Amino acid sequence: MKSERNVIKNVNNKYAVINLRKVDGNPQTPQELLEAISKNPESVEFGLESSQDEFWLIKLRDKYAAVALQAYADAARADDPEYADMVDQKVKRAGPNSAFCKAPD
């Protein structure tokens, strides 16, 4: 399996992230979100490779999410046990623990 970025030409990432801290209000519908993004286009992060906002999004249903999140929680525990405990709660709903578990696509 290859990342889409490495297979499809002119595709940088599969996802974009909307940083809701950068939008006004608390949008609750797609229309409200669209309006908020229009007013605050800097809220959209594309995660371009080697950029300041590069990211790798992992959905909890991803077959490998539980082990990835567990490693993340274990690494964070020394610095912030409370945060690590919050990630541990996500592990309980991730990968094989998710009713929607599937291989990444």
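A pocket, found on a 1 Å grid over the protein atoms alone, is an open set of points where a 1.4 Å probe fits, with protein on both sides within 12 Å along at least five of seven lines; its lining residues have an atom within 4 Å of a point. Grid points are joined across faces, edges and corners, and the volume is the space filled by probe spheres set on the points. In the structure above, the second largest pocket has a volume of about 360 Å³.

The model is predicted, with local features needing pLDDT of at least 70 and side-chain atom pairs counted only at pLDDT 80 or more, while totals for chains, interfaces and linings use all residues. Residues are numbered from 1 along each chain as its sequence is written, and side-chain values use heavy atoms, with hydrogens and water left out.

The chain holds four helices and two strands, taken as DSSP runs numbered from the N terminus (helices H or I with at least four residues, strands E with at least two). Starting at the N terminus, their order is α-β-α-β-α-α. Of the 105 residues, 19% are buried, where buried means under 20% relative accessible area, exposed over 50% and partly exposed in between (1.4 Å probe, protein chains only). The accessible surface is about 8100 Å², and carbon and sulfur atoms hold 54% of that area; areas come from the Shrake-Rupley method with a 1.4 Å probe, and for residues only the protein chains shown count as cover. Among contacts (heavy atoms within 4.5 Å) with a separation of 6 or more, 50% join residues 24 or more positions apart.

Buried in α3 are Ala-65, Ala-66, Leu-69, Ala-73 and Ala-76. These residues cover an arc of only 95° around the axis, which puts them on the same side of α3; the arc is that of the directions from the helix axis to the C-beta atoms. Val-67 and Ala-75, on the other side of α3, are exposed.

The partner of this buried side is α4, residues 81–91, against which the buried residues of α3 pack. In α4, the buried residues are Ala-84, Val-87, Asp-88 and Val-91. Seen down the axis, they fall within an arc of 110°, so they line one face of α4. Helix α3 is included in what covers them.

Ala-76 gives a close view of this packing. This residue of helix α3 counts as buried at 13% relative accessibility. Beyond residues up to four places away in sequence, Ala-76 touches Tyr-83 and Ala-84. Its C-alpha atom is separated by 9.1 Å from that of Val-87, eleven residues apart along the chain.

The second largest pocket brings in both helices again. Its lining counts 14 residues, with Trp-56, Ile-58, Leu-69, Tyr-72 and Tyr-83 nearest its centre. The elements giving two or more residues to this lining are α3 and α4, and α4 supplies the largest share, four residues.

Finally, Ser-98 lies in the segment after α4. With 14% relative accessibility, Ser-98 counts as buried. Its contacts, leaving aside neighbours within four places in sequence, are with Leu-60, Arg-61 and Arg-93.
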